Amino acid sequence: MRSALLVAKLTFRESIKNRWVISFSLGFAILSFLFSIVGSSESELTSNFNQTSAMILNILMLFIPLLGFTLGAQTVAGDREGGSLLYLLSHPISKNEYFFGKFIGSIWALITAITAGLGLA
């Protein structure tokens, strides 16, 4: 389990520096900000909040799968092309621990990117 957490930390550090994660986070922040401006144009506060939250949730349903697929494909393929996959698997770590660590690290990076996008908006 310890080795899976080390792989997760490594994956998180690599994913946060990825240009796709940064661009998705900035794009999500810009769209959330624009939708909050559009949603605040009406007079009632509760209907504005409901309308804005519905628009942001629709964006989340689009962005999360796109970013998840991108991260998942890039983490394993990047390790395979870079040669670090063979190096990691030559150590006493099972494939299940490796992929579990990659999964946890990617989810952690995805949550961080979405949180940063919401925080910037």
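Colleague: Is Leu85 buried or exposed?

Modeller: Leu85 is buried, because its relative accessible area is 15%. Buried means under 20% relative accessible area, exposed over 50%, and partly exposed in between, using a 1.4 Å probe and protein chains only. One caution: this is a predicted model, where local features need pLDDT of at least 70 and side-chain atom pairs count only at pLDDT 80 or more, while totals for chains, interfaces and linings use all residues. Residues are numbered from 1 along each chain as its sequence is written, and side-chain values use heavy atoms, with hydrogens and water left out.

Colleague: Which helix is Leu85 in, and what is Leu85 in contact with?

Modeller: Leu85 sits in helix α4 (residues 84-89). Helices here are DSSP runs of H or I with at least four residues, numbered from the N terminus. Setting aside neighbours within four places in sequence, Leu85 is in contact with Asp79, Arg80 and Tyr98; contact means heavy atoms within 4.5 Å.

Colleague: How far apart are Leu85 and Tyr98 in space?

Modeller: Their C-alpha atoms are 9.3 Å apart, and the two residues are 13 apart in sequence. Tyr98 is among the buried residues of α5, along with others including Gly101 and Leu110.

Colleague: Okay, α5 then. What span should its 26 residues give?

Modeller: They should span 38 Å, and the end C-alpha atoms are 37 Å apart, so the two agree. The expected span is 1.5 Å times one less than the number of residues.

Colleague: At what angle do α1 and α5 cross?

Modeller: Roughly 40°, with the axes of α1 (residues 2-16) and α5 (residues 95-120) coming within 7 Å. That makes α1 oblique to α5. Angles under 35 degrees count as roughly parallel, over 145 as roughly antiparallel, 65 to 115 as roughly perpendicular, and the rest as oblique. Axes are lines fitted to C-alpha atoms, for helices over the stretch in contact, and angles run from 0 to 180 degrees between N-to-C directions.

Colleague: Which residues make that contact?

Modeller: Among them are Val7, Thr11 and Phe12 of α1, and Tyr98, Ser106 and Trp108 of α5.

Colleague: What about Ser106, buried or exposed?

Modeller: Ser106 counts as buried, at 11% relative accessibility. Apart from neighbours within four places in sequence, Ser106 is in contact with Thr11, Leu71 and Thr75.

Colleague: Switching topic: is Arg19 buried or exposed?

Modeller: Arg19 is exposed, because its relative accessible area is 62%. Arg19 lies in helix α2 (residues 19-39), and the C-alpha atoms of Arg19 and Asn50 are separated by 32 Å.

Terms used. Helices (H or I, at least four residues) and strands (E, at least two) are DSSP runs, numbered from the N terminus.
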